[in-house]
Amino acid sequence: MEREREQWGTRAGFLLAAIGSAVGLGNIWRFPYVAYDNGGGTFLVPYLIALLTAGIPILVLEYALGHRFRGSAPLALRRLHRRAEFLGWWQVGVCFLISSYYAVVIAWAVAYTGFAFDLSWGDDPETFLFESYWAATEPWQLGGVRLGVLLPLIGIWAVTLAVLVGGVRRGVERANRVLIPLLLVTFGVLVVRALTLPGATDGLEALFAPEWGALGDSSIWVAAYGQIFFSLSVGFAIMITYASYLPRRGADLTTNAFIAGFANSSFELLAGLGVFAAIGFLAGVQGVGVGDVAAGGVGLAFVIFPAIVSELPALNRLFGVLFFASLVAAGLSSLISITEASTSAVMDKFGWSRPRAVGVFGGATAAMSLVYATGLGPTLLDVVDNFVNSFGVAAVGLAQVVVIAWLLRRLGELRRHADAVSELPLGRWWTIALVAVTPVLLGAVTLDNLRRELAEPYEGLPTEFLVVFGWGAAALAVVIGVIFTARPWHDPAVTDDEPEVSR
């Protein structure tokens, strides 16, 4: 017999958790540079169109799927159609891989929060990161365990698994009620400080100066749709799972999707202001152009920002602590959501209790992440992240939309369900977006990723290394999907439950 499904305590609790999942490290270190590198202020035009024609429509689709069929991604998709279950487990495989390395990045941020108190990186943050903190090794050389990474990593997993054992209301919801306000306060103070620095306007001008001719460049549109897709936590089981915890009536799926989508984009714009104001300051201090110091990803967080902190005229240690604490808060709320999506799937399939599912599956994920605490870890993480995002998240997201919209033709049913429980009715734009716009643009993103990978080896790394750990990681998500789909349900009747339609 199916256990009673857990529920959020309040609508605000669901929204904070959904926003906390979407607002992650990528909002802070990916969006500002992607916008700068793709037309500056002009990028905001395709970005907004992508939000309205792909991001929010997919959010509504996943909310409706999880809420109507009352299950984690594998269970909800199985109830939609028995042959669609594989898509759910493929998404869980992607979650497993992402959470295994995402926790390590948060561990780096925890360590750097401590380093900020005495500016441990000195005058050369890049050398400190690669040679002292990571002590990074060459491909195929595992190197020893790095205690400076391992110890905070253990702490991150202890907190994450403890939150998940607490359940939806007492664990996930309570954690996000602390993490999201903390993130807004720390990052808000940081942005205000950055905007008052000399040179801040140069950075903002570099970020927002429009290049209207760039609108005719297809690569900018591909970048905008890619940014929206990756930053909203869609396509890998999380939002389906979170929506399944909403009450049957009064869920207001469509309004919640708009709130979560615009909240995520608002934070990305806030991050752009803070990051490029600080970069403008650093460029002025070094007497170079903004383009000479602008960067994204790990380089921005752990090389550029420590350099900025060191150059600040006052309160530099506080600025550093706030920045890295923001990364920890943003990352932890996302890690909790990714791991919850996997845990919930295992509970549904095997009928396990929450503590058992968290202990076994969450523990296995934590154990997997230990390999990233070695000297090979940073290189391995970079490769796995690139391939899992390019050929895991994007591919399974595309497959999900195509299967539901084109093959099963169930959009009408999901639209009626969303309208029945929402104050804001969906128009035909939603169907058109999912049938025509989203598959075409997501297909373009996937093909563009494939073109880049085949054009030249990623980061100039050995092809054999990329095949084993890059393509191998993307394939592993599929293998996990096949294996778990083949396993029997603890109670076959669970998959046959007829969903209740709220009206």
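**Entry 1: Val104**

I looked up Val104 and found this residue in helix H6, in a model that is predicted. Its relative accessibility is 0%, so I noted Val104 as buried. Leaving aside residues up to four places away in sequence, I listed what Val104 touches, and the list holds Val149, Leu153, Ser369, Tyr372 and Leu381. I also checked Val104 against Val479: the two are 375 residues apart in sequence, and their C-alpha atoms are 24 Å apart in space.

Is Ser99 buried or exposed? I read a relative accessibility of 1% for Ser99, and because the cut-off for buried is under 20%, Ser99 counts as buried. With residues up to four places away in sequence again set aside, Ser99 touches Trp157, Leu335, Ile338, Thr339 and Thr365.

**Entry 2: Rings**

Next I turned to the aromatic rings, for which the count comes to 41 pairs. One of the pairs I looked up is Trp140 with Phe469, whose ring centres are 5.8 Å apart and whose planes stand at 55 degrees, so I wrote the pair down as tilted. Where do the two partners lie? Trp140 is in the loop between helix H7 (125–133) and helix H8 (147–165), while Phe469 belongs to helix H21 (residues 463–486), so this pair ties together parts that are 329 residues apart in sequence. For Phe469 I noted 25% relative accessibility, and therefore this residue counts as partly exposed.

**Entry 3: The whole chain**

Finally I stepped back to the protein chain, whose secondary structure I recorded as 21 helices and zero strands. Its C-alpha atoms fill a box of roughly 65 × 50 × 45 Å, taken along the principal axes. For 503 residues I would expect a compact globule to have a radius of gyration near 23 Å, and the 22 Å of the protein chain agrees with this.

How much of the chain is buried? I noted that 60% of the 503 residues count as buried. The protein chain exposes about 18,500 Å², and carbon and sulfur atoms supply 63% of that area. Last, I looked at contacts with a separation of 6 or more, and found that residues 24 or more positions apart account for 85% of them in the protein chain.

Methods
Residues numbered from 1 in each chain as written. Predicted model: local features only at pLDDT ≥ 70, side-chain atom pairs only at ≥ 80, totals over all residues. Heavy atoms only, no water. Buried < 20%, exposed > 50% of the residue type's maximum accessible area, 1.4 Å probe, protein only. Contact = heavy atoms within 4.5 Å. Helix = DSSP H or I, 4+ residues; strand = E, 2+ residues; numbered from the N terminus. Phe/Tyr/Trp six-rings, centres within 6.5 Å; stacked < 30°, edge-to-face > 60°. Rg over C-alpha atoms; globule rule 2.2 N^0.38 Å. Areas by Shrake-Rupley, 256 points an atom, 1.4 Å probe, with all protein chains shown as cover.
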